[in-house]
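This briefing is meant to be read alongside the sequence and the coordinates. It goes through backbone exceptions, helix packing and nonpolar cores in turn.

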Amino acid sequence: MSKKEPRPADRESPGIHESSRRDKLRKIEEMGIDPWGGRFDNRAYIDEIRAREAEIRFRKENGQEVALPPLDGPEAVDFRVWMQQQGPGELTGPRVRAAGRIVLQRDAGKLRFVNIQDWTGRIQLFIGKQQVGDEGFALASQFDLADLVGVDGELRRTKTGELTIFAEKLHFLCKAIEPPPEKHHGLQDPELRQRMRYLDLNYTDGVLPRFLNRTKIVHSIRQTLAREGFCEIEGPTLHTIAGGAAARPFVTHHNTLDIQLYLRIALELHLKRLLVGGMERVYELGRVYRNEGISPKHNPEFTMLEVYQAFGNYETMMELTEQIILGAIQAIGAPYRLPWGDQEIDFTPPLARRTYHDLFREHTGVAPEDAEAVAKLAQSLGLETANRHPDVIKSDVFEARVEDALVGPVFVMDYPASICPLTKRKRDNPEIAERFELFVHGMEIANAYTELNDPDLQEQLFKTQLEGLPEEDSMAKMDHDFLRALRHGMPPAGGLGVGIDRLVMLLTNSLSIRDVILFPLLRPETGEASVRDPANPVTA
């Protein structure tokens with residue numbers, strides 16, 4: 001190895017980076033190499049390559065092979081010293097093929113050290129002119145940060161013990177015309193990170209693992225439901241009635257049919273139609289759209305799971321919710337006790353169950369059945385009470401005083417029936433609906449019912465608009481076809497809705513919903529300069 005001090009090549013001069021990269025692109029083309037690459041088969045992921053480090057041996061002159069000592073942990077040794085103690089010989093290792101994006105490179109004359117990363121990890125490449133030849137080394141001199149390259153070589157360790165692929169052949173897979181963000185200042189703004197998620201994934205620590213964990217969580221949910229015998233369906237996204245939830249819809253228009261349509265705000269009513277049709281365990285996991293506010297807990301476009309099980313009830317759904325959450329935690333290899341900011345969430349089963357009215361009384365000091373006292377409390381909180389139904393007022397107080405205090409996880413059960421028009425009432429108390437919501441640190445994660453299957457009562461409830469409840473906050477929206485379906489007989493059932501984005505937030509310690517949605521809704525950019533290169537505030 002040359003004793004010449006490696007010179008950093010991980011910074012680029014302002015004002016020349018794009019032209020320099022285009023010059024290198026032309027030089028690569030002049031070598032007869034496609035700068036945009038092509039198919040590259042049989043490469044291993046970097047974590048798989050790193051897992052083969054135990055295959056590296058020191059081969060002495062007499063042919064004896066010696067396993068390498070541990071370089072980490074309490075028994076770690078100084079690798080330089082250990083190598084000197086072995087006497088004459090050489091390191092040998094497995095032949096490997098890797099591909100990745102260049103995240104660091106250092107030039108040391110006739111040697112280059114390049115770090116590449118794929119979606120499983122990073123590894124160093126040792127590129128020597130003697131090993132890759134004049135043509136290969138000339139290609140390496142055209143490398144820039146963020147370029148994609150492939151390598152064939154031998155997995156060994158350097159003299160300092162760094163696990164490294166010693167390149168024998170290089171492959172150019174894609175030239176990056178734009179440079180990556182400046183290491184310390186280029187991608188700090190949260191909105192910029194969300195807008196340029198492709199850079200965020202590559203260059204912000206923890207972002208790619210978080211979204212890969214999201215994928216594992218969603219996959220585990222499907223696995224849990226498959227084990228329980230549920231079938232997944234794909235319902236319509238465009239609805240003629242914005243039903244199944246209390247929300248303001250996005251409105252669109254179908255030109256050919258000349259009708260107004262709504263992007264779905266819920267999945268519920270079509271899934272219930274399938275219960276009538278004999279699909280006894282059915283679910284959909286998909287996007288829903290609500291034309292409402294944006295906050296750390298809300299995005300207008302989000303992912304919802306809705307599940308319906310014939311001959312179940314809301315207690316059946318509680319058990320299923322626990323299975324779904326615990327399966328998701330296991331899928332990402334996490335413990336039941338998880339960090340949440342500077343606090344903690346304990347998902348150790350069974351999860352707590354509390355009634356709506358008990359929690360109301362506990363956190364407000366007011367008897368929930370005392371409408372006058374509830375209204376007086378609402379007024380003291382600055383909530384509107386005039387011409388409003390007592391249960392609407394009670395619901396507003398619960399939201400204002402109780403929800404944020406619920407650390408949980410806790411199933412809040414048995415809601416006032418008047419605010420739950422799609423829910424079956426308790427036999428012994430028709431004023432109470434068999435409904436629960438799962439709250440964790442003030443966030444609603446799941447909502448479930450014992451589903452109402454009485455078509456006459458459902459029609460009556462659809463016609464009922466509670467006093468003081470805005471139309472977009474009411475689920476009382478007439479759907480004649482749904483009522484017709486109920487008249488054909490829907491089995492008693494439990495139904496469950498889970499906000500996937502919020503669940504992922506909790507399981508990955510992400511305090512904003514935008515940090516778990518790959519492309520959250522943002523205002524469009526304006527101006528060519530901002531579109532071209534907002535992550536690098538230098539003149540191209």
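Where is the place of N42? In this predicted model, N42 sits in the loop between α1 (17-30) and α2 (46-50). The points below begin with the backbone geometry of that residue and then turn to the packing of helices and side chains.

**Backbone exceptions**

- P349 and P350 are joined by a cis peptide bond with an omega of about -5 degrees, and P350 lies in the loop between β17 (343-346) and β18 (352-355).
- A cis peptide bond also joins G408 and P409, with omega about 0 degrees, and P409 belongs to the loop between α12 (390-402) and β19 (410-416).

**Packing of α7 with α9**

- Two packed helices are described by the angle between their axes and the distance between the axes.
- For α7 and α9, the axes come within 8 Å and cross at roughly 135 degrees, and the two helices are therefore oblique to each other.
- The crossing in which α7 passes α9 is right-handed, with K216, I217, S220, I221, T224 and L225 of α7 meeting L320, Q323, I324, G327, A328 and A331 of α9.
- Sorted by class, this contact of α7 with α9 comprises 7 nonpolar, 4 polar and 1 charged residues.
- T224, placed in helix α7 (residues 207-227), is buried with a relative accessible area of 2%, and, leaving aside neighbours within four places in sequence, T224 is in contact with Q323 and I324.

**Packing of α13 with α14**

- The axes of helix α13 (residues 455-462) and helix α14 (residues 480-487) come within 9 Å and cross at roughly 160 degrees; because this angle is over 145 degrees, α13 is roughly antiparallel to α14.
- The crossing of α13 past α14 is right-handed, and the contact is made by P455, Q458, E459 and F462 of α13 together with F482, L483, L486 and R487 of α14.
- By class, the residues in the contact of α13 with α14 are 5 nonpolar, 1 polar and 2 charged.

- In soluble globular proteins, nonpolar side chains tend to be buried together.
- The largest nonpolar core has 43 residues, of which I221, L225, L305, F436, L496 and L507 touch the most other members; helix α9 (residues 314-331) gives the most to this core, with 8 residues.
- Which residues does I221 touch, not counting those up to four places away in sequence? They are L285, L305, I324, I500 and L503.
- A second, separate core of 33 residues has I28, A140, L145 and V149 among its members.

Terms used: Residues numbered from 1 in each chain as written. Predicted model: local features only at pLDDT ≥ 70, side-chain atom pairs only at ≥ 80, totals over all residues. Heavy atoms only, no water. Axes fitted to C-alpha atoms, helices over the stretch in contact; angles between N-to-C directions. Helix = DSSP H or I, 4+ residues; strand = E, 2+ residues; numbered from the N terminus. Parallel < 35°, antiparallel > 145°, perpendicular 65-115°, else oblique. Left-handed = near helix turned anticlockwise from the far one by under 90°. Contact = heavy atoms within 4.5 Å. Nonpolar A, V, L, I, M, F, W, Y, C, P; charged D, E, K, R; others polar. Core = buried A, V, L, I, M, F, W, Y, C linked by side-chain atoms within 4.5 Å. Buried < 20%, exposed > 50% of the residue type's maximum accessible area, 1.4 Å probe, protein only.
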